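Biologist: I am new to this structure and would like to learn how to read it. Could you walk me through it, one feature at a time?

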Amino acid sequence: MSQIAPDPELVDKLVAANRILYRQGVVDGFGHASVRHDKSPGHFLLARNMAPGMVRRADILTFDLDGAALDADGRRVYLERFIHGEIYRARPDVHAIVHSHSPSVIPFGVTGQPLRPIFHMSGFLGEGAALFEIRDVGGDTNMLISDNRLGVALAASLGDRSTVLMRGHGSTVVGISIEQAVYRAIYAEVNAKLQLQAVTLGKVTYLNSAEAGLAATANDTQVSRVWELWTREIGTIE
């Protein structure tokens with residue numbers, strides 16, 4: 001397996017995803033994005049342990065679903081690679097994952113207030129984001145998904161939804177492609193910011209399930225439009 005190289009275009013998309021997420025303020029020095037290996041569904045691609053905005057082609061590593069790096073060659077890897085491996089294991093439909101600590105999302109995870117779709121661009125939130133409480137499975141921890149057991153529990157909390165909030169930590173979003181996962185991570189943050197603003201004004205009318213589903217389907221046909229803009233903004237991939 002270590003001799004089977006992923007499609008170079010897929011690697012470039014993952015590099016772009018890291019830089020886009022940084023430029024859009026979803027990640028800073030922390031957070032990470034991954035994609036399922038295009039030639040082996042039991043493996044995924046993830047950068048070495050580094051700031052997302054600095055990721056280059058040479059930094060992309062291959063992991064198995066247990067979180068073992070096949071080609072790290074002594075380079076440090078992310079402590080929370082188990083987020084990715086266990087979600088890919090539990091969700092065959094998922095082909096890309098973004099984990100972030102985007103600031104407007106954090107208040108929803110610590111208050112138990114549902115993150116719900118407030119406008120059409122966030123229809124992917126459906127009936128609302130799932131919520132993961134790490135104390136239920138790990139007791140008092142450093143809040144990180146640092147082993148497979150915690151990764152399994154996070155994947156179970158995510159269920160079949162697109163987004164899971166992680167109390168006192170951040171969120172994880174999934175998609176069928178890198179482009180979709182990046183779109184969802186960015187608009188989860190936008191939705192959270194708008195929802196926090198709206199609740200100060202009065203009763204909020206959220207999208208219902210039917211509206212959210214129709215909006216999500218329509219938006220999925222337009223992801224390439226924003227992806228083209230975002231990739232142009234970050235410049236040349238190295």
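**Reading the sheet, the helices and a pocket**

Modeller: Gladly! Seven strands form an open sheet in the order β3-β2-β1-β4-β7-β6-β5, and their pairing is mixed. Keep in mind that this is a predicted model.

Biologist: Which strands stand at the edges of the sheet?

Modeller: Those are β3 (60-64) and β5 (130-132); each has a single partner strand, so one side of each is left without a neighbour in the sheet. On average, neighbouring strands are turned by 25° against each other, ignoring direction.

Biologist: How do strands pair, and how do β2 and β3 run?

Modeller: In general, strands of a sheet pair through backbone hydrogen bonds, either parallel or antiparallel. Here β2 (residues 43-47) and β3 run antiparallel, joined by five bridges. Leu46 has Leu61 of β3 opposite it.

Biologist: Which strands does helix α2 touch?

Modeller: Helix α2 (residues 81-90) packs on the sheet and touches β1 (32-36), β2, β3, β4 (96-100), β6 (163-166) and β7 (170-175). Its direction makes about 30° with that of β1. Helix α5 (residues 148-158), in turn, lies across β5, β6 and β7, and runs at about 155° to β5.

Biologist: How many aromatic pairs are there?

Modeller: The structure holds five. One to look at is Phe44 with Tyr88: the ring centres are 5.5 Å apart and the planes stand at 35°, so this pair is tilted. Phe44 sits in strand β2 and Tyr88 in helix α2, 44 residues apart, which links distant parts of the chain.

Biologist: And how do I read a pocket?

Modeller: Rolling a probe the size of a water molecule over the atoms shows where empty space is left. The largest pocket here has a volume of about 230 Å³. Its lining has 13 residues, with Phe30, His32, Asn49, Tyr78 and Leu79 nearest the centre. By class, six lining residues are nonpolar, five polar and two charged.

Terms used. Residues numbered from 1 in each chain as written. Predicted model: local features only at pLDDT ≥ 70, side-chain atom pairs only at ≥ 80, totals over all residues. Heavy atoms only, no water. 1 Å grid on protein atoms, 1.4 Å probe; cavity = no way out; pocket = protein on both sides within 12 Å on 5 of 7 lines; lining within 4 Å. Points joined across faces, edges and corners; volume = space filled by probe spheres on them. Nonpolar A, V, L, I, M, F, W, Y, C, P; charged D, E, K, R; others polar. Pairing = 2+ DSSP bridges. Helix = DSSP H or I, 4+ residues; strand = E, 2+ residues; numbered from the N terminus. Axes fitted to C-alpha atoms, helices over the stretch in contact; angles between N-to-C directions. Contact = heavy atoms within 4.5 Å. Phe/Tyr/Trp six-rings, centres within 6.5 Å; stacked < 30°, edge-to-face > 60°.
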